[in-house]
Amino acid sequence: MSPASGPLETAVKGVPPFAFTPNPSPRTPAERAAELADPAFGVVYSDHMARITWDEGQGWHDHRVVPFANLELSPAASVLHYAGEIFEGLKVYRHADGSLFTFRPYANAARFARSARRMALPELPEADFVASLQALTQADAEWVPSAPETSLYLRPFMLATEPFIGVRPSHRVEYIVIASPVGSYFKGGVAPVSIWVEKETHRAGVGGTGAAKTGGNYAAAMLGQENAYAHGCEQVLFLDSVTSTTIEELGGMNVFVVYKDGSVATPPTSGTILEGVTRSSIIQLLRDRGLKVSETPIKLAELVAGAKDGSVAEVFACGTAAVVTPVKRLAGEGFDVPVADGGAGELTMSVRQELTDIQYGRLPDPHEWTYRLV
Ligand SMILES: *Cc1c(COP(=O)(O)O)cnc(C)c1O
């Protein structure tokens, strides 16, 4: 049951309790059960949201959990004109005994602070970030589904709310966490995807914001995604913006290449690529298996040649939302080649299984990645 009222105390030291205003008209248990039965990605939201406000004079204040509702924003709010916005994405997993865990939340908290720095937004202390996840999960614990491969997706974000259209960092900012129950990202099991290698547009440039998790990068990637659809592909793979010869990442997922000799490579996070938590976890899990994993530039020409001659055995993409996504086909100007015989590779599927087994508490957690919320 949600606590009836009273502040939500978290286990995170140094963070004040979250004042709690329960939703006066939450979904009934029957309505909630219906919404949890077959959740689509990012469509349904839980009954509450967590908020913390920042302003220039006061810093971070008013930690609270309130009913999920529309925001009131001045049409002059800085974010609407200059895109002062960053976000995060992580999941709450229900373990077999009913306890609720998330995965490496301090990694997301640290990245959120790095994103804030890059976008000239105030840095939310890591403790406040993690506490906000816990407070919202306490309020909406019943929104965490229990069917296999389901979870409650948490979306923390920050926006520049000051009603000022002059150009400078905003003096007022709102931090919010919303929650959306999600099923398996792919209906009917893991489906390998086709990838369009985009040469017309780039998502990030040297010195730009590619390593920050900010909406602007997604805005820049949308046309490439549309080009992918136009070529019959589900996802887009971007190239470096200087030479258009090395692969970087998808619109919202990092990419790995598995070679026939058992070695694995992924592009280095040298400023234009988002440092995925899933990416770094997979690097660790593969190294734990004794595999050689290099973070090294990967030439598109060598990737395509390798897919053709079989020296590239598997390609997969990864991120919190879809976990691990096998790639079955690479297409671009002048090439269209199947990967892993057009299916899902063996290493791809086994690392996906291992990672989700750790997240759902079905395997030991040697690196202490899981973090109990409730
Ligand atoms: C969020 C994101 C990823 C994946 O990061 P995870 O921490 O693994 O979820 C990869 N690329 C981009 C552009 C992203 O925004």
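Which side chains does a polar contact of 2.9 Å join? Those of Arg203 and Glu249. A polar contact here is a pair of N or O atoms within 3.5 Å; within protein, one must be able to donate a hydrogen and the other to accept it, and residues adjacent in sequence count only if both atoms are side-chain atoms.

Some ground rules before we go on. This is a predicted model, where local features need pLDDT of at least 70 and side-chain atom pairs count only at pLDDT 80 or more, while totals for chains, interfaces and linings use all residues. Residues are numbered from 1 along each chain as its sequence is written, and side-chain values use heavy atoms, with hydrogens and water left out.

Let's stay with Arg203. Its place is the loop between strand 9 (193–198) and helix 5 (215–230). Helices (H or I, at least four residues) and strands (E, at least two) are DSSP runs, numbered from the N terminus. Is Arg203 buried or exposed? Buried, because its relative accessible area is 6%. Buried means under 20% relative accessible area, exposed over 50%, and partly exposed in between, with a 1.4 Å probe and protein chains only. A polar atom of the Arg203 side chain also lies 3.3 Å from the backbone oxygen of Gly210.

Now the ligand. Glu249 comes up again here. There are 15 residues around the ligand, and Lys213, Tyr218, Glu249, Thr278 and Thr320 come nearest. Near means that one of the residue's heavy atoms lies within 4 Å. Take Tyr218: an N or O atom in its side chain is 2.5 Å from a ligand oxygen. For Thr278, a polar side-chain atom sits 2.6 Å from an oxygen atom of the ligand. How much of the ligand does the protein bury? Taken alone, the ligand exposes 380 Å², and the protein buries 97% of that. Those areas come from the Shrake-Rupley method with a 1.4 Å probe; for residues, only the protein chains shown count as cover. The shell around the ligand has seven polar, four charged and four nonpolar residues.

Next, the whole chain. It has eight helices and 18 strands. Its C-alpha atoms fill a box of roughly 65 × 55 × 35 Å along the principal axes. Of the 374 residues, 53% are buried.

Helix 3 (residues 105–118) has 14 residues and reaches 20 Å from its first C-alpha to its last. That is close to the 20 Å expected at 1.5 Å a residue; the expected span is 1.5 Å times one less than the number of residues. Its buried residues include Asn108, Arg111, Phe112 and Ser115. An α-helix has 3.6 residues a turn, so residues three or four places apart point the same way. Just after helix 3, Ala120 takes a positive phi of about 55°.

Two further residues with positive phi. Asp62, not a glycine, has a phi of about 60°. Asp62 lies in strand 3 (residues 59–67), and at 48% relative accessibility it counts as partly exposed. Ser244, not a glycine either, has a positive phi of about 55°. Ser244 is in the loop between strand 10 (235–239) and strand 11 (247–250). It is buried, with a relative accessible area of 18%.

Last stop, Leu80. Leu80 lies in helix 2 (residues 78–82). At 52% relative accessibility, Leu80 counts as exposed.

Technical notes:
Ala, Val, Leu, Ile, Met, Phe, Trp, Tyr, Cys and Pro count as nonpolar, Asp, Glu, Lys and Arg as charged, and the others, Gly among them, as polar.
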